[in-house]
Amino acid sequence: MNGFDFKEIQEKISDSFRPWQRSFQFWVRATNIYTGYKVCQLRVSLLKDAKKQEQMWESQHEQAADKIYFMCSDLGGFFLKIAQLLAKPDMAPAAWVRKLVTLCDQAPATPFDAVQRVLEKELGQTIDEIFETFDEKPLGSASIAQVHKARVKGNKMDVVVKVQHPGIERLMMTDIRNLQLFALYVQRTDIKFDLYSITKEMETQIGYEFDFKREANAMERIRHFLHENNKKSPVIVPRVLRDTVTKKVLVMEYINGIPILSLGDEMARRGINPHGKVAEAAKQNILNSLSRAYGQMILKSGFFHADPHPGNILICNGPEASHIWLVALLDYGQVKELPDNLRLGYANLVIDIADNNASRVAQSFRELGLHTVAKCENEQQELLRLAQTLFDTKMPAGQTVLQPFADDSSIKKIAVEAFPEELFSVLRTVVLLRGLSVGMGVNYSCAEQWRSMAEEALLASGRLTRDVKGTSRRRASLRSLRAGR
């Protein structure tokens, strides 16, 4: 037996034990974090001084932030995605956000020799046979894959080569199943919210991310849709090089731009006052472009890019003197297609939120299959607050942080007993857009911006009619009428 075979056997044995090791590490760390909060909850209940209670919670958040940071950093993979989701000022305690935001772009890179093996096995040729140039140092590394800049032989266009990390699929699916068990326990003991359905949808969506052929098809479909529905697409979608796409390798057009989180530095470089009118207008235009694209994708098409975290958004420089920036949307591994009943039900909910129509939210929730049990007197208003918390980007007046699981939040007053798995991608998208808007200091309502799109979607389906005065009237869906709603 030669040395290569021995090394291969060692790697296989090591790979077989890694999921067990990760599971053990997750449960030890998660239990420690959870227990810390339960102990703090007990200690706080024994205090009457509100200020001391707040200080105790802040101290607990700081301790937990360190533990969550090291868990996500050490385990990597799926837990980097969890860090991305939690590192939003509207979703987690400030201490968590400060710590976890530094993890969002810190996935460890796979060594180039391993990348080369995957690439050449998938494409059936050597790197030198395919590419004129190939940068061994990656442009970036994410939880599932990393990207390298290159140039294809016979083509003057710069490209990005996306290559999947070896063995990552098995590890990430192990991680998410552990999280599902943890979610089941937490929702039965503390948080009356259907967390398990959310984790099941995450399992489905992340499972899709390991198929780059599917991602290439999604990219082309969304690019075509946005160009067909606009004189000029609100966002740039990279072109795919079809001849160099496999399940684990994707080659696409290189987009020259800066990460959205570097926008402030770019403005400073251009001599723009970050708090002046020019900067505010630029930020508003960037968010409008992103939000318009998402409104069209979700409400008109039902097929949408479901991962608008900052690492997937580039700002492309316009002319120096114009202070105009274009927005590029990258990474189509997480896309979602809503069935028409959910797409149109969500359109109804968007109109309810935009109109502050508390009396209709309950009906829209029922139509979406979102089951709630009220624990408060003013049920309609709390349901509206819950809808705004879950599905709108606008922050309440005077607030810069939204804590969905705080004691006075609508989620504490309204138990969510069933949350449709397929709606999680919409919720996550809205939460990420809200995080971007908070980070950029622009408070806007996606529901208000999407209202006209929601009406158009309902009109096209026949579920919205206009009378002779042009007033819109919504019809109940046939399914709702049959159910006696």
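The model is a predicted one, in which local features need pLDDT of at least 70, side-chain atom pairs count only at pLDDT 80 or more, and totals for chains, interfaces and linings use all residues. Residues are numbered from 1 along each chain as its sequence is written, and side-chain values use heavy atoms, with hydrogens and water left out.

Helices (H or I, at least four residues) and strands (E, at least two) are DSSP runs, numbered from the N terminus. Two strands pair if DSSP finds at least two bridges between them. Here β5 (residues 240-245) and β6 (residues 249-253) pair in the antiparallel sense over two bridges. Val-245 has Leu-250 in β6 as its bridge partner.

Two loop residues come next. Asp-331 sits in the loop between β10 (325-329) and β11 (335-337), and its phi is near 65°, a positive value in a residue other than glycine. Asn-356 lies in the loop between α12 (340-354) and α13 (358-368); its phi, near 50°, is also positive in a residue other than glycine.

Finally, how many disulfides does the structure hold? It holds zero, where a disulfide is a pair of cysteine sulfur atoms within 2.5 Å. Cys-40 is buried, with a relative accessible area of 3%, and Cys-316 counts as buried at 7% relative accessibility. The word buried means under 20% relative accessible area, with exposed over 50% and partly exposed in between (1.4 Å probe, protein chains only).
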